[in-house]
Amino acid sequence: MRSTTDDADVIVVGAGPAGAASAHYLAAAGLEVLLLEKATFPRDKICGDGLTPRAVAELIRMGVPTRAEDGWIRNRGLRVIGGGHTIHLPWPQIERYPDYGLAKARTDLDSTLAYHARATGAKLLEGTSVTGPLLDERTGRVVGVQAKQVDARGRRVEGEPLTFRASVVIGADGVSARMATSLGLAKMDSRPMGVAVRTYFRTPRHDDEWMESHLELWDGEPGRSQLLPGYGWIFPLGNGLANVGLGSVNSTATATQLDYKALFAAWMRNAPPEWEFTPENQEGPVRGAALPMAFNRQPLYTRGLLLVGDSGGMVSPFNGEGIAYGLQAGRVAADVIAQALARTSDDARERTLATYPERMRADLGGYFTLGRAFVKLIENPQVMRICTKHGLPRPTLMKIVLKLLSDCYDTRGGDPTDRVITALTKMVPAA
């Protein structure tokens, strides 16, 4: 239970989507929450900036306004290009999620969510870089965090080190997962790891109604030049800009020797002139990031620390999305913590906290396991080429694929394709 020396009931390390969602739901449950963010908003994060209907549903559940006048742009679905084919796949019509996606640059999205958590009642401290956990000397349990103040450039501000105490700590500190690694929780090299690079362009395509995915990238004329490894995307932002990037995924976390920025430059050199993806229209550098997938860091709870978002490897192997799962994890973690702190004994609280990994595995474990098998297939260029050439022209098949890849299927019934996907996720081990 909360000690008289504690600064809060719960400390959340990192104010990205997963951390902000955690803080929002904890504050809504009446708990005192410290949300610690090392940067100062607005700040950038490497991301495609596109939100699937699953992520939009989480925003709606949080009560986050998504009005067009606030910079949110809706999209109808996914335009897929590859193998000489172009198909349009509208988002599925199911009860669980809306039939539209959204896009918003992370510089705006993250500050919007963090300030939403603050408005709910969480205490947000920006420029507070957590350096590691504070451990109970007797039990080794996490009872808070150690931190330092930093300026807008991440440089340490003169002053004494900071210490914050709480009954429970949530690690939402991204792919670096400093809190987890401080407890010896290493990433699992057997799980997939993605890499993505992206930048922004001023382009006439900024208000396109479709998110666009390129399954083949060429360094010259398609079919008459070298096929580049990876896939590309164009996500319109509606403000004159589009997020343009490419990525690839390996079935294991082995280091790749690919020069992603060079691949991106080759793709851009051969982009159609009407897209205006030119150096003079580029806004900001090409930046890259790793995408930890399929629960690649476990356990998700140990010794008073819960992991949410990228720190727990909650990126989908199917499509590289992490925001939806980070928002979901924040919601589930907050519910588990609120229930735990209402218990009247240490043993009961601990048993309740230990249900967090079980709940996350029950909902996502089977789906992530299917995603791991999917990655092993598509990382073979021959298989990917066959799937692109012969699969894209079949609209019925591609509708099923979209449901699977976007995680937008009805688990409570739906049509026969929904029931098949749901059955598959339950047949495989939820590891």
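Aspartate 110 and arginine 106 are both buried. Their side chains form a salt bridge in this predicted model, with an N to O distance of 2.7 Å. The two residues are separated by about one helical turn, because they stand four residues apart in helix α3, which covers residues 106-120. The pair belongs to a network in which salt bridges with shared partners join Glu37, Arg43, Arg106 and Asp110.

Helix α3 also holds histidine 116. With a relative accessible area of 17%, histidine 116 counts as buried, because the limit for that class is under 20%. Apart from neighbours within four places in sequence, histidine 116 is in contact with His24, Met62, Gly63 and Val64.

## Domain layout

The protein chain is divided into three domains. Domain 1 is made up of residues 8-74, 101-188 and 294-370. Domain 2 spans 193-292, and domain 3 spans 372-427.

## The interface of domain 1 and domain 3

The centres of domain 1 and domain 3, taken over C-alpha atoms, are 30 Å apart. Contact between them involves 14 residues of domain 1 and 12 residues of domain 3. The size of an interface is often given as the accessible area lost when the parts come together. For domain 1 and domain 3, the buried area is about 1200 Å², with 60% of it on carbon and sulfur atoms. On the side of domain 1, the most area is lost by Phe318, Tyr367 and Leu370, which together account for 52% of what that side buries.

Polar contacts across this interface number 12 residue pairs, counting those with both residues at pLDDT 80 or more. Two helices, α2 (53-62) and α8 (355-378), each supply at least two residues of the side of domain 1 that touches domain 3. The most comes from α8, with six residues. Sorted by class, that side of domain 1 has nine nonpolar, four polar and one charged residues.

## The salt bridge across the interface

How many salt bridges does the rule find across the interface of domain 1 and domain 3? There is one. The side chains of arginine 54 and aspartate 407 meet in a salt bridge, at 2.9 Å from N to O.

Aspartate 407 sits in the loop between α10 (395-406) and α11 (416-427). Its relative accessibility is 3%, so aspartate 407 counts as buried. The backbone at aspartate 407 has a positive phi, near 60 degrees, in a residue other than glycine.

## Other salt bridges

The whole structure contains 24 salt bridges. One of them joins arginine 287 and aspartate 44, whose closest N and O atoms are 3.1 Å apart. This pair links distant parts of the chain, 243 residues apart. Arginine 287 belongs to strand β18 (residues 282-292), while aspartate 44 is in the loop between β2 (33-37) and β3 (50-51). Arginine 287 is partly exposed at 34% relative accessible area, and aspartate 44 is partly exposed at 28%.

Arginine 67 and aspartate 70 form another salt bridge through their side chains, at 2.7 Å from N to O. Arginine 67 is partly exposed, with 44% relative accessibility. Aspartate 70 is likewise partly exposed, at 32%.

## Arginine 359 in helix α8

Arginine 359 lies in helix α8 and is partly exposed, with 37% relative accessibility. Not counting residues up to four places away in sequence, arginine 359 touches Val332, Asp335 and Val336. The side chains of arginine 359 and aspartate 335 make a polar contact at 2.7 Å. Between arginine 359 and valine 383 there are 34 Å in space, C-alpha to C-alpha, for a separation of 24 residues in sequence.

## Backbone exceptions

Most residues other than glycine have a negative phi, and most peptide bonds are trans.

Proline 299 is in the loop between β18 and β19 (301-302). Alanine 294 is placed in the loop between β18 and β19 too. Alanine 294 has a positive phi of about 60 degrees, although it is not a glycine. With 0% relative accessibility, alanine 294 counts as buried.

Definitions and conventions
Residues are numbered from 1 along each chain as its sequence is written. This is a predicted model: local features need pLDDT of at least 70, side-chain atom pairs count only at pLDDT 80 or more; totals for chains, interfaces and linings use all residues. Side-chain values use heavy atoms; hydrogens and water are left out. Domain bounds come from an automatic or database domain assignment. Contact means heavy atoms within 4.5 Å. Buried area is the accessible area (1.4 Å probe) that two parts lose on being put together, summed over both. A salt bridge is a side-chain nitrogen of Lys or Arg within 4 Å of a carboxyl oxygen of Asp or Glu. A polar contact is a pair of N or O atoms within 3.5 Å; within protein, one must be able to donate a hydrogen and the other to accept it, and residues adjacent in sequence count only if both atoms are side-chain atoms. Ala, Val, Leu, Ile, Met, Phe, Trp, Tyr, Cys and Pro count as nonpolar, Asp, Glu, Lys and Arg as charged, and the others, Gly among them, as polar. Buried means under 20% relative accessible area, exposed over 50%, partly exposed in between (1.4 Å probe, protein chains only).
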